[in-house]
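Biologist: Please show me the model, and then let us go through some questions about it.

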Amino acid sequence: MKLLDGKKVSNEIKEEISVQVAKMRERGEKVPHLAAVLVGNDGASLTYVGSKVKSCERVGFESTLVRMPSTTSELELLNKIEELNQNDDIDGFIVQLPLPPQIDTQKVLLAVDPDKDVDGFHPMNFGKMALDMSTFIPATPFGILELLERYNVDTKGKHTVVIGRSHIVGRPMSILMGRKGWPGNSTVTLTHSHTKNITQIISQADIVISALGVPNFLKAEMVKDDAVIIDVGITRVTDDTKEKGYYITGDVDFENVSKKASFITPVPGGVGPMTIAMLLKNTLLARERHRSRK
């Protein structure tokens, strides 16, 4: 069994990006600038955005954090997004999800300029990804592809089973794993809460990508020997014996499944760190595109 070490690979990617940014500075070019919009005080969102800001500092990006109260109206947020769209100094920005209930998430994602949509959520970018065109790939699926590539995991002709059909992970992942090229060229089955015989389907998979959000859903008896296991799930489980009062676990019963797998991602330290690294990569891509257009 080989560990797909997202923490290690994400550090390598950040180092590569910081070298590119240093060269940009030497040439007197503008360095990439990433902005994040945070509405409200959701604990997990605060943590995610904080780590994104720190990562920007580490690679030499400029970063801006736009904080708005949880009482922000939809119109106020849309006005702020338009302001960021028009700001030539900002290369890419993200609107941290989830948003408060008074705001229509779809309307907000549609308002983001596709050329600055480094999260890859805009329908224009999603459509380009589905058509194998150059675009921003959503950061988590992009990170999974990068892990498979850097660990030289064979995907050609393999049966990939994706568990979960979210717009952020499951659905794009199913498209990307079936695309021409590598990582890709696999035969994909997309499973979800209404899939019948899901255990039987998973047992036939060469590659399992689980983005369900159900702690320890995937058991050892559900996977075949030498399967590649990608665990996207991340759940806080209450535990009074822990100092923080909880522990973090994924969708996979790691202890037992790892004994059968050929490759597996840990939680934490697997897919999570890759997501931020690929967000930075998308921001660098956005800067290069904006420069070439000018």
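This is a predicted model: local features need pLDDT of at least 70, side-chain atom pairs count only at pLDDT 80 or more; totals for chains, interfaces and linings use all residues.

Modeller: Residues are numbered from 1 along each chain as its sequence is written, and side-chain values use heavy atoms, with hydrogens and water left out.

Biologist: At what angle do the axes of helix 1 and helix 2 cross?

Modeller: Helices are DSSP runs of H or I with at least four residues, and strands are runs of E with at least two, numbered from the N terminus. Axes are lines fitted to C-alpha atoms, for helices over the stretch in contact, and angles run from 0 to 180 degrees between N-to-C directions. The axes of helix 1 (residues 6-26) and helix 2 (residues 43-59) come within 8 Å, and their crossing angle is roughly 50°.

Biologist: Which residues of helix 2 do Asn11, Lys14, Ile17, Ser18 and Val21 in helix 1 meet?

Modeller: Contact means heavy atoms within 4.5 Å. By that rule, these residues of helix 1 meet three named partners in helix 2: Ser55, Arg58 and Val59.

Biologist: Which strand gives the largest share of the lining of the largest cavity?

Modeller: A cavity is a set of points on a 1 Å grid over the protein atoms alone where a 1.4 Å probe fits but cannot get out, and lining residues have an atom within 4 Å of a point. The lining here includes Phe93, Ile94 and Val95. The largest share, three residues, comes from strand 4 (residues 92-95).

Key. On a 1 Å grid over the protein atoms alone, a cavity is a set of points where a 1.4 Å probe fits but cannot get out, and a pocket is an open set with protein on both sides within 12 Å along at least five of seven lines; lining residues have an atom within 4 Å of a point.
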